[in-house]
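Take a walk through this model, one region at a time. Keep the sequence and the 3D view open as you read.

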Amino acid sequence: LSRGVHIPAPFALLALLALLARHAPVAHASKCTCVPPTDEAKAAGWWDYLAVPPPPAPQRVGTNGSSLDDIGKITRQLAMDETDLKALLEGNKVQNSVLLMFANLGALQLLENYLCSLSEQGINKYLIYAVDVESHMEFQSRGWHSYFNPRLTGPLNISKTTVAKQLKNHRPEFHNMMTAKLQIVQDVLRLGVDVLMTDVDIVFHKNVIPEVLHKCKDMCFMHDGPSKPGLRANLGLWFLRSGAATLEFMANTIAAKVQHVRMSDQAVVNALMKQGGIAPWLNPKDSPSGSKDSPSGSGGFSLDSGRTISTTQPGDAGSRGEERGKVVEGNEGGSDRSKGGGKMPMEGEAWLKMKVKILPEKVYVNGHVLMHGTSLPPEMGMAHINWTRTKGQKKKYLKQWNMWKC
């Protein structure tokens with residue numbers, strides 16, 4: 001430039017900028033999205049010179065994208081106790097009985113359909129035990145009667161997980177849920193309130209609650225269908241009248257479930273009744289017949305007259321998955337469910353005199369009837385969509401029988 005060589009102005013400007021850049025101090029960014037340097041690189045001195053902030057600690061993420069630390073705080077804020085339970089029971093019991101169900105967001109569609117069917121029958125008193133805080137928040141936002149107590153379920157964060165996924169490999173969360181289901185029944189019974197516990201893959205066609213309360217003395221179950229003899233009492237609809245006998249029974253049931261962790265709650269209940277002699281028809285050698293309650297004190301297990309006896313054998317196309325060694329959603333269980341899991345705890349004597357009953361299958365219809373029948377029984381009061389593997393199958397049969405309400 002000093003020798004008078006003519007350089008066009010734009011190029012002269014670029015040359016000047018390049019010259020200045022060679023001697024200018026380096027401007028360093030305050031943030032970096034690169035992979036953090038190694039310890040050797042830091043020792044070389046440039047890490048401190050760049051002053052790049054360390055990467056943030058990894059965040060544990062919940063099912064809705066929020067951190068588990070946030071979920072923990074919300075859980076503590078929304079956790080309920082016995083005082084809350086008493087208030088909810090007071091507002092939702094009928095004839096000293098509460099319609100109780102147990103659900104998470106994985107069963108949201110089925111639960112909504114069930115509640116729609118209840119509403120059609122004028123039933124607006126019920127109580128949902130929410131498995132986790134996210135489910136509880138969703139249920140409350142919909143105006144549903146929800147109770148949440150993490151004392152029962154522990155630190156579960158499986159709100160969007162279906163039963164089928166939990167059953168895979170017998171994940172501990174599933175068995176914790178099944179134990180919590182028994183514990184909430186026990187908590188309600190302790191408060192002197194009778195319990196009608198149901199699954200949520202159910203549709204009411206009539207208000208069967210008054211009939212259940214009238215017919216049942218200590219305990220009632222719906223019939224499971226032609227499953228293995230040791231599983232005939234189905235917990236899809238299960239009534240317990242509060243008293244010393246049922247409290248003893250529930251204490252033994254919970255102890256047995258903890259002891260035999262891979263057994264389903266249904267398998268535990270059936271095995272305990274069989275061992276206690278209050279359900280002699282659970283013995284394969286006994287015929288599931290009889291239409292009258294056993295004499296007082298005998299503890300006999302009786303069936304209502306007129307109950308339909310299905311004849312499908314385990315090898316038939318529609319038989320339940322566990323007959324073929326597989327697990328079925330809706331009738332959950334572990335690999336040892338048919339073995340009875342060994343001896344059950346048997347504390348107390350009052351429960352050994354309980355009067356137990358199976359409700360008539362033509363009124364309290366199970367999934368086997370729905371899957372194999374050509375028409376619905378005219379006496380049908382409710383239907384339980386068990387004998388199915390997935391929510392998709394449940395929805396299919398609900399729609400097929402015009403039971404999808406929402």
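**A sheet, a helix and a buried methionine**

Val365 stands opposite Ala383 in S11. This is a predicted model, where local features need pLDDT of at least 70, side-chain atom pairs count only at pLDDT 80 or more, and totals for chains, interfaces and linings use all residues. Residues are numbered from 1 along each chain as its sequence is written, and side-chain values use heavy atoms, with hydrogens and water left out.

S10 and S11 (residues 382-384) pair in the parallel sense over two bridges. Strands count as paired if DSSP finds at least two bridges between them. The open sheet has three strands, in the order S5-S11-S10, with mixed pairing. S5 (202-204) and S10 (364-365) stand at the edges with a single partner strand each, so one side of each has no neighbour in the sheet. Helices (H or I, at least four residues) and strands (E, at least two) are DSSP runs, numbered from the N terminus.

Now turn to helix H5, residues 82-92. Here Leu85, Leu88, Leu89 and Asn92 are buried. They share one side of H5, because they cover an arc of only 100° around the axis, taken from the directions from the helix axis to the C-beta atoms. Buried means under 20% relative accessible area, exposed over 50%, and partly exposed in between (1.4 Å probe, protein chains only). The face turned away from the buried side carries the exposed Thr83, Ala87 and Glu90.

Met219 counts as buried, because its relative accessibility is 0%. The C-alpha atoms of Met219 and Trp238 are separated by 7.3 Å, with the two residues 19 apart along the chain.
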